[in-house]
Amino acid sequence: MTPALLARLLSGEGAALLASLPPYDEAAAFSLADRLRTEGFDPDLVAAALTQSRLRARGERKFGEAARSMLFTVDGLEQATRQQVGRLHARRLSDSGSRRVFDLGCGVGADARAFAEVGLRVAAVDADEVTSAVADFNLRSWPHATAVHDLAENVSVPTGLGARDVAVWMDPARRTPGVSDIQGRTRRTFRLDQLAPSWDLVRELCAGAAAAGVKLSPSFAHAQIPPGTQAQWTSYDGEVVECVLWWNDAAWDPGRSAVVISGQFAHEVLERDAEGANPEPARLDRLHGYLYEADRAVIRAGLSGALVRRVDGAELDTGVGIVTSPRDVIVPWAKKYAVTDAIPFNIKALRSWVRDHRIGHLTIKKKGASVDPAQLRRQLRPRGDNDATILVTRVNGAQAVLMLMPVR
Ligand SMILES: C[S@@+](CC[C@H](N)C(=O)[O-])C[C@H]1O[C@@H](n2cnc3c(N)ncnc32)[C@H](O)[C@@H]1O
């Protein structure tokens with residue numbers, strides 16, 4: 001979409017057209033476009049309005065009902081922080097004493113909206129003209145928040161004693177401009193030297209601000225964490241969605257940490273929670289009781305030790321994130337299973353187990369093991385009335401299979 005077309009979409013005729021569209025239905029989109037063109041609407045305007053309608057429907061996954069009154073670009077929606085996660089960013093900056101935030105590379109303004117919602121004054125910029133206009137539209141409910149078309153490089157962020165309440169937020173683009181997939185989304189990059197704005201600028205601006213946060217890929221390497229910052233891996237519904245580096249007043253617990261969002265709750269795991277964890281790995285002949293599987297954000301943060309400590313157990317293998325313990329403990333950021341059996345990985349023995357227990361419905365999980373679950377299922381030939389869940393993993397360096405029952 002061009003800036004001119006966006007302006008038309010937001011003006012009288014375009015805005016009325018967008019507001020008149022029914023809830024998006026992929027199957028009816030083609031005939032609807034046809035009808036609108038026949039009624040005399042300009043084809044470009046019809047295409048732009050229908051694209052917004054489609055993106056709003058898709059955006060509900062991230063923003064719920066609010067998406068129905070937002071605008072998006074294809075890339076902007078893809079890269080936008082989901083509402084619940086943005087609200088955590090906003091609370092963090094606000095609780096760090098910030099009252100103003102410079103959002104440098106604001107995309108369609110998802111984080112900026114969350115900042116505005118908690119009362120922060122927001123000055124947002126984006127290098128892309130249409131994207132910045134879309135962000136400004138998405139901020140229209142908050143007079144203390146604006147987005148303009150500019151480069152982060154051109155913004156002079158106040159620093160020093162007079163700027164104790166000024167925060168910087170950055171969510172650099174991790175896309176390779178000019179390389180698009182079939183849906184028009186630009187290709188992702190995982191390299192720090194391909195961030196836009198650059199990694200150098202990010203570090204300079206964040207280090208100089210009273211409080212700052214920068215959202216990076218969940219694959220961010222532990223070795224790259226700048227001294228004194230807090231690296232926080234966040235998962236939403238079991239998927240690790242980001243690693244945010246918090247700087248200065250926003251780095252409450254420097255080092256590695258994880259935030260696990262499940263439902264309305266967010267649970268934080270810190271490096272100190274893992275200190276002094278039992279380093280002894282588990283033994284296959286002593287697997288009994290319960291098995292705890294740490295959330296992926298905790299594993300990415302390298303904090304499985306926190307689970308070992310919490311359940312007073314032993315990790316199956318270093319870094320695998322699965323811990324055995326005879327104790328029945330509630331851990332909101334781990335899944336819990338009862339272990340009913342554990343054997344070394346051996347197809348013949350496993351096939352006998354499946355046959356003897358008349359397992360017809362078999363769930364195969366794997367963690368840290370090199371097996372193909374589909375192929376293993378064919379080899380095991382499950383037949384019978386019973387259900388079972390097995391985990392193929394490593395126990396103290398050797399492949400093993402654990403028979404599990406989920407526990408609430
Ligand atoms: C990942 S998106 C931001 C998403 C945003 N946090 C949200 O939740 O909607 C990154 C944005 O940075 C912008 N950008 C890239 N380089 C920039 C630069 N040098 N200055 C300002 N913006 C830039 C891109 O146009 C893109 O919209």
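**Ligand site and a helix pair**

Reply: Around the ligand there are 21 residues (a heavy atom within 4 Å), and the closest are Asp111, Asp126, Ala152, Glu153 and Asp171. This is a predicted model, where local features need pLDDT of at least 70, side-chain atom pairs count only at pLDDT 80 or more, and totals for chains, interfaces and linings use all residues. Residues are numbered from 1 along each chain as its sequence is written, and side-chain values use heavy atoms, with hydrogens and water left out.

Me: What does the shell look like by class?

Reply: The shell has 10 nonpolar, six polar and five charged residues. Here Ala, Val, Leu, Ile, Met, Phe, Trp, Tyr, Cys and Pro count as nonpolar, Asp, Glu, Lys and Arg as charged, and the others, Gly among them, as polar.

Me: How far is the ligand nitrogen from the side chain of Asp171?

Reply: That nitrogen sits 2.8 Å from a side-chain N or O atom of Asp171. For Asp126, a ligand oxygen is 2.7 Å from an N or O atom of the side chain.

Me: And how much of the ligand's accessible area does the protein cover?

Reply: 91% of the 610 Å² that the ligand has on its own (Shrake-Rupley, 1.4 Å probe).

Me: Switching topic: which residues meet between α13 and α14?

Reply: Ile347, Leu350, Arg351 and Val354 of α13 meet Leu376, Gln379 and Leu380 of α14 (heavy atoms within 4.5 Å). By class, that contact has five nonpolar, one polar and one charged residues.

Definitions and conventions: Polar contact = N/O pair within 3.5 Å; in protein donor to acceptor, adjacent residues only side chain to side chain. Helix = DSSP H or I, 4+ residues; strand = E, 2+ residues; numbered from the N terminus.
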